[in-house]
Amino acid sequence: MNWERAEKLFAHSGLSLTEEQFRKFSTYQEILVETNRRMNLTTITEDAEVWRKHFLDSCLPFQYVEIPAGAAIIDVGTGAGFPGIPMRILRPDFQLTLLDSLQKRVHFLETVCQALQIPVHCMHARAESAGKQPDFREQFDVACARAVAAMPLLCEYCLPFVKVGGVFLALKGPNETAESAMETISLLGGELEETYLYSLDQHEARRLFVIRKVKETPKKYPRSPKQLQNRKYQA
């Protein structure tokens, strides 16, 4: 992907891309593809598809949600760094934390962020345990996650990190709904503010759920992995 094509790709979706940001994305792509040869990070490795399905897809929420300058953001279950790192490249003012349960992925994330020279906190932990730690519980303006889990479980993973007044952004496929998660969202202190259905560069459809944190999450949540096997929620 050259600079002109990358700029047009983002501009077509209403997003601006500088040459410096293009260089960071290109470096990110090189490390991703090279590392993927020895560690399973993604099934998407073709040049244009990485840009469209990983980089652009991660940044499209900026078209729908206004995030304040200097916001503290946590990407829960980030995997290979999506959507957190692309969002941080486009918005250098963000204070980004990347959370993943697999140490080798965290090492990859640290390598990427060092190469890109962006200050990011990469954390090896399960969301269920990190969400109960005082340094992380209700400390973030924004929590985000792409896919990861079904909506009820994903809300339990992510909402405990969000401070009251902040938002949880769930980047999902077009067939996902929030109906099964409405009771869970309310119980965890959230409120479904908006749902956006849009397309990725006029191709695949995407759905974005914007969940506002309106009250503190009860201390019992998130539950332990064993307790999470029980899908029932009690106040």
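**Helices on a mixed sheet**

Helix α3 lies across β4 (140–146), β5 (162–172) and β7 (205–213), at about 150° to β4. Contact means heavy atoms within 4.5 Å. Angles run from 0 to 180 degrees between N-to-C directions, with axes fitted to C-alpha atoms, for helices over the stretch in contact. Helices (H or I, at least four residues) and strands (E, at least two) are DSSP runs, numbered from the N terminus.

This is a predicted model: local features need pLDDT of at least 70, side-chain atom pairs count only at pLDDT 80 or more, and totals for chains, interfaces and linings use all residues. Residues are numbered from 1 along each chain as its sequence is written, and side-chain values use heavy atoms, leaving out hydrogens and water.

**The sheet**

- The open sheet has 7 strands, ordered β3-β2-β1-β4-β5-β7-β6, with mixed pairing.
- Strands pair if DSSP finds at least two bridges between them.
- β3 (120–124) and β6 (190–199) are at the edges with a single partner strand each, so one side of each has no neighbour in the sheet.
- On average, neighbouring strands are turned by 20° against each other, direction ignored.
- β1 (residues 72–76) and β2 (residues 95–100) run parallel, joined by 5 bridges.
- Val76 stands opposite Leu99 in β2.
- Helix α7 (residues 151–158) also packs on the sheet, touching β1, β4, β5 and β7.

**The α1–α3 pair**

- α1 (residues 3–12) packs with α3 (residues 47–59) at about 40°, their axes 11 Å apart.
- Residues in this contact include Leu9 and Phe10 of α1, and Trp51 and Phe55 of α3.
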